[in-house]
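Q: I would like to learn how to read local features from a model. Could you take me through them one at a time?

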Amino acid sequence: MWPFVDEHFSNKLIKDKLEPKIRKALSKMKLNGFEFDRNHILLGRTPIRVGGIKVHDMNTARDEIILDVDLIFASECSINFRLGGIPAALNDFEIYGKIRVILKPLVSKAPFIGGIQVFFLNAPDIDFDLAGPAEISNIPGLRDILRRIIAKKIAKKMVSPNKFAKKLIKDVSASTVKVNEPEGCVRVHVFEARNLIKQDITLLGGKSDPYVVIAIGAHQFRTRTIHDNLNPVWDYWCEALIDSTSERTIKFHLFDWDRSDSDDPLGSATVDLNEVFKTGILDTWLTLKGVEHGELHVRFAWYELSSSSYDLAAALAETKNLGLTSLSSAALCVYVDSAIDLPHIHSDDKPNAFAKVCVSNQERLTSVKKWTDTPIWEQGFTFLVANPELDCVKIRIIGQTSNKKDGETIGQFIHSISDLLLQTDLRIALQEFPLQKSGTTSKVKLSMTLKILKQSGTQSLPPMFAAHRARTPSIQAQSSHDSSSSEEKIVEERVLLKSMRQLSADNSMGLGSIKLTLYYSSKYHILNVTVHKVINVPIKDQSDLPDPYVILHLLPKRVKDNKRKTVVVKNSCDPVYEATFEYGSISPNELKTAELEVTVKTKMTFLSGGSVTIGMVRICLIDKDITEKESTEFYDLMREVKLG
């Protein structure tokens, strides 16, 4: 097969995929005019070799076969390119890495294998030579830039958790073949180093400007650079999801930052994740290899993935106590199966369609399906979520035409992750959802699963148990019957809340609901109102979503000082605010006669007459048990009522 791979596949990959990325990276260095010579991209006669095949016989499921294979490619390739009109060549390309092959599920009919997954366990080693005039070979950092872009391209496609997956039997579920749900999350704390070597020798002695690169499969993280310090303290945190197919190592590479040339190594270290799995928490000093001296202080924590919403409070409390609310409390798995009836960008052109899945600042892309309004992607993605009560998942369907690579949005789906907390096993099964900003019959088919990060070895407790455990260590000695009945009560409350939300969505007014928390301090005479979110805002036009905001008035005095207002959330039927407002100097007697008016409006254009009221609710505070305690509820929005 090798001559055909060389002629057809490699030419297109290098010219169409790598060239634009290299050109963009070099342009930042004021190096313009990079292009490969399409007529001279030769990978050589030596094909890729595989060897060192190992078949796993432990820690595997009964319906799968797992193999690890050494992949070696040492080629006499010759790939010509030009930079600024100057000809040069990339020669003697080498790549070495360990590939994992998973055959699953095993079935009882030919070919007996339902699907295959292939991926690198870690980023492979890459090397090559640059040939050409001195103007090219002497450009600082050019070789490193080329290597980095090639490695990034490989990692994006083929380094765990990214993989090539193919279904081999029609009856097998695509998600079974293509998606590996994570089994846990590893959290890494790169705290400090000591006694590092001196890479920069000066008249006054020596120094280094150290930073650390952490590699966990395809995930790479980098600490900040600390200048002129051989005993740096980074206090840097990172985390990554680990699935059953991931490589069980974490690699640390220390470098000395150099402004003018490639960065010099300060040593490296590797940690076996199995040691972290065993203990749950590991705090250790690592001796750096490849250098005369130096140590790195790192800490690890392993988190299992729970399907119990009871574990969320503890996960959020931990990140809050660390002062690092950017760390995650949950993992979200999104499986994007397909879309149907997508609109055409032009009257006769079916789109080249792909899906962009976003959670917070994380973004994943499906493959592009050409010339179809019913694309089938069958791709799954995992995201770490800081706070599932606040975050949402947003999926944009992008359509391209043959002459427009960036494309335009032809469909959109937004869903609050908090809704999964009310689902059985925190999961929404595979189903179709209508698309916004799309055709009237356009839909996307997907499933979602939420998992809560739980420290290894801890038990899942209902919220009331978790609150009392700190005060009453003997709580674990209660009978299993009491624990079971209490858990059943909590489940019943959650089912009731879910039913209330469903009733709100289907109420006769059909105006949606708003989630509020009320709290009154009798000591300080202060009323706090937290506006969490609004759900199920009605849509009149799929292509014109509302821009909702919330206004609060504390009645009976409708004066400016009693008015509070949230920010505007654009293009949303389920806006999240998490805004707390304070009303001061309210005596207990005044509270008895006070009424909170909550109005949800949508921002409109100037020509349409300003804002339009979506719905409102009035709450008699005397009816609420909010003195020295919080009351959180969903309130159905009703049509606006004018007071006389």
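Q: Where is Ser442 placed?
A: Elements come first. Helices (H or I, at least four residues) and strands (E, at least two) are DSSP runs, numbered from the N terminus. Ser442 is in the loop between strand S25 (427-434) and strand S26 (443-455). This is a predicted model, where local features need pLDDT of at least 70 and side-chain atom pairs count only at pLDDT 80 or more, while totals for chains, interfaces and linings use all residues. Residues are numbered from 1 along each chain as its sequence is written, and side-chain values use heavy atoms, with hydrogens and water left out.

Q: Is Ser442 buried or exposed?
A: Buried means under 20% relative accessible area, exposed means over 50%, and partly exposed lies in between (1.4 Å probe, protein chains only). Ser442 has 1% relative accessibility, so it counts as buried.

Q: Which backbone nitrogen lies 3.1 Å from a polar atom of the side chain of Ser442?
A: That of Gly439. For a polar contact, a pair of N or O atoms must lie within 3.5 Å; within protein, one must be able to donate a hydrogen and the other to accept it, and residues adjacent in sequence count only if both atoms are side-chain atoms.

Q: How many aromatic pairs are there?
A: The rule: rings of Phe, Tyr and Trp (its six-membered ring) pair if their centres lie within 6.5 Å; planes under 30 degrees apart are stacked, over 60 edge-to-face, and the rest tilted. The count here is nine aromatic pairs. One of them joins Phe252 and Phe300, edge-to-face, with 6.1 Å centre to centre and 65° between the planes. Phe252 lies in strand S15 (residues 249-256) and Phe300 in strand S18 (residues 295-306), so this pair ties together parts that are 48 residues apart in sequence. Phe252 is buried at 0% relative accessible area, and Phe300 is buried at 2%.

Q: Which residues do ring pairs link into a cluster?
A: Phe34, Phe36 and Phe81.

Q: Which charged ends sit over rings?
A: The test is that NZ of Lys or CZ of Arg is within 6 Å of the ring centre and within 35 degrees of the ring normal. The charged end of Arg222 sits over the ring of Tyr211, 3.6 Å from its centre. Arg299 has its charged end over the ring of Phe191, 4.7 Å from the centre.

Q: Which residues form a nonpolar patch on the surface?
A: Patches take residues with over 30% relative accessible area and no salt bridge; like charges are joined within 9 Å, nonpolar side chains (Val, Leu, Ile, Met, Phe, Trp, Tyr) within 5 Å. A salt bridge is a side-chain nitrogen of Lys or Arg within 4 Å of a carboxyl oxygen of Asp or Glu. Here the patch is Ile53, Val55, Ile65 and Leu106, with about 330 Å² of accessible area together (Shrake-Rupley method, 1.4 Å probe; for residues, only the protein chains shown count as cover). Val55 sits in strand S2 (residues 49-55) and is exposed, at 51% relative accessible area.

Q: Which peptide bonds are cis?
A: Most peptide bonds are trans, and most residues other than glycine have a negative phi. Lys104 to Pro105 is cis, with omega near -10°. Ala110 to Pro111 is cis, with omega near 5°. Pro105 lies in the loop between strand S5 (86-103) and strand S6 (115-120). Pro111 is in the loop between S5 and S6.

Q: What is phi of Asp341?
A: Near 55°, a positive value in a residue other than glycine. Asp341 is in the loop between strand S19 (330-340) and strand S20 (352-359). At 40% relative accessibility, Asp341 counts as partly exposed.
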